[in-house]
Amino acid sequence: METVEEEHGFARLAWSYKKCRKCSFVLKLPTINENNLKCPACEFEDSTPSPFFDLSLCMMIDLMHESYRTGIKLPETSPVFGVTPKQAQNASVVIFFCTIRELLLERFLSSFIRWFALPVSLIKRVESDYDTHERRLNKLFPALTGQKWIEVISSLKSKETDFVALDLFLKRAATERNNLLHEGDHFGMDDTITKECIVNLFSLVDLFVALNNLYIHQMRNRLIQKIKI
Ligand SMILES: [Zn+2]
């Protein structure tokens with residue numbers, strides 16, 4: 001019998017993360033088809049809450065999952081032009097995983113910047129000045145939050161996820177991906193790292209849900225409180 005992930009695809013699971021339209025708090029609803037949200041932060045009741053992830057992100061999650069499912073079924077064979085079909089499939093899982101990580105950071109920072117109601121030209125200028133993942137992580141993130149990435153990661157608490165250990169894996173996956181894409185001589189990706197990408201995918205999602213609730217939700221909450229005054 002297939003698991004929920006196998007039956008519905010990971011993208012369907014991503015759709016179960018909903019955002020409160022009143023206070024921007026994000027939570028995962030218990031079942032895929034459930035739509036009724038009672039926000040635990042502001043108690044707003046909503047039968048049509050917004051999905052937290054956009055379609056392109058869900059599509060990337062689905063593509064990563066499909067690559068993984070295809071890869072684990074492939075037999076070990078001799079390399080063709082230095083790489084086996086299984087290794088190539090494994091590499092695509094890691095590439096998708098790293099792309100999802102980059103998209104999640106980009107979406108988070110974009111939501112953050114838009115809170116300041118800056119002119120569109122200035123937003124575009126900021127986005128073009130911070131056009132790589134490293135610059136966004138190491139320069140723009142601390143400029144907006146007032147804290148370095150690792151300080152924030154270390155302070156986040158979760159029963160399910162060790163975010164510092166997750167961050168170490170994110171760096172390892174990015175190194176593997178960069179060695180493959182930029183050095184071009186590293187096709188030795190085995191099943192181990194692809195399984196870790198799958199295992200860590202929703203921990204990565206939970207990290208950005210936690211960041212949303214720490215910053216975007218809190219900013220919106222303060223605005224709501226001001227309006228009440
Ligand atoms: Zn709410």
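1. Burial. In this predicted model, buried residues account for 27% of the 229 residues in the chain.

2. Overall dimensions. The C-alpha trace spans about 70 × 45 × 30 Å along its principal axes. The radius of gyration is 19 Å. A compact globule of 229 residues would have a value near 17 Å, so the chain agrees with that expectation.

3. Secondary structure. There are nine helices and five strands. Their order along the sequence is α-α-β-β-β-β-β-α-α-α-α-α-α-α.

4. Contact range. Take the contacts between residues at least 6 apart in sequence. Of these, 66% join residues at least 24 apart.

5. The largest nonpolar core. This core holds 40 residues. Which of them touch the most other members? They are M64, V94, F97 and I100. The most comes from α4, with eleven residues.

6. F97 in detail. F97 is one of the residues that touch the most other core members. What does F97 touch, leaving out residues up to four places away in sequence? The partners are M64, A173, C197 and L201. M64 is also among the core residues with the most contacts to other members.

Key:
Residues are numbered from 1 along each chain as its sequence is written. This is a predicted model: local features need pLDDT of at least 70, side-chain atom pairs count only at pLDDT 80 or more; totals for chains, interfaces and linings use all residues. A nonpolar core is a set of buried Ala, Val, Leu, Ile, Met, Phe, Trp, Tyr and Cys residues joined through C-beta atoms within 7 Å. A residue is buried if 20 or more other C-beta atoms lie within 10 Å of its own, exposed if 12 or fewer, and partly exposed in between; C-beta atoms are placed from the backbone. Helices (H or I, at least four residues) and strands (E, at least two) are DSSP runs, numbered from the N terminus. Two residues are in contact if their C-beta atoms, placed from the backbone, lie within 7 Å. The radius of gyration is taken over C-alpha atoms; the globule rule is 2.2 Å times the number of residues to the power 0.38.
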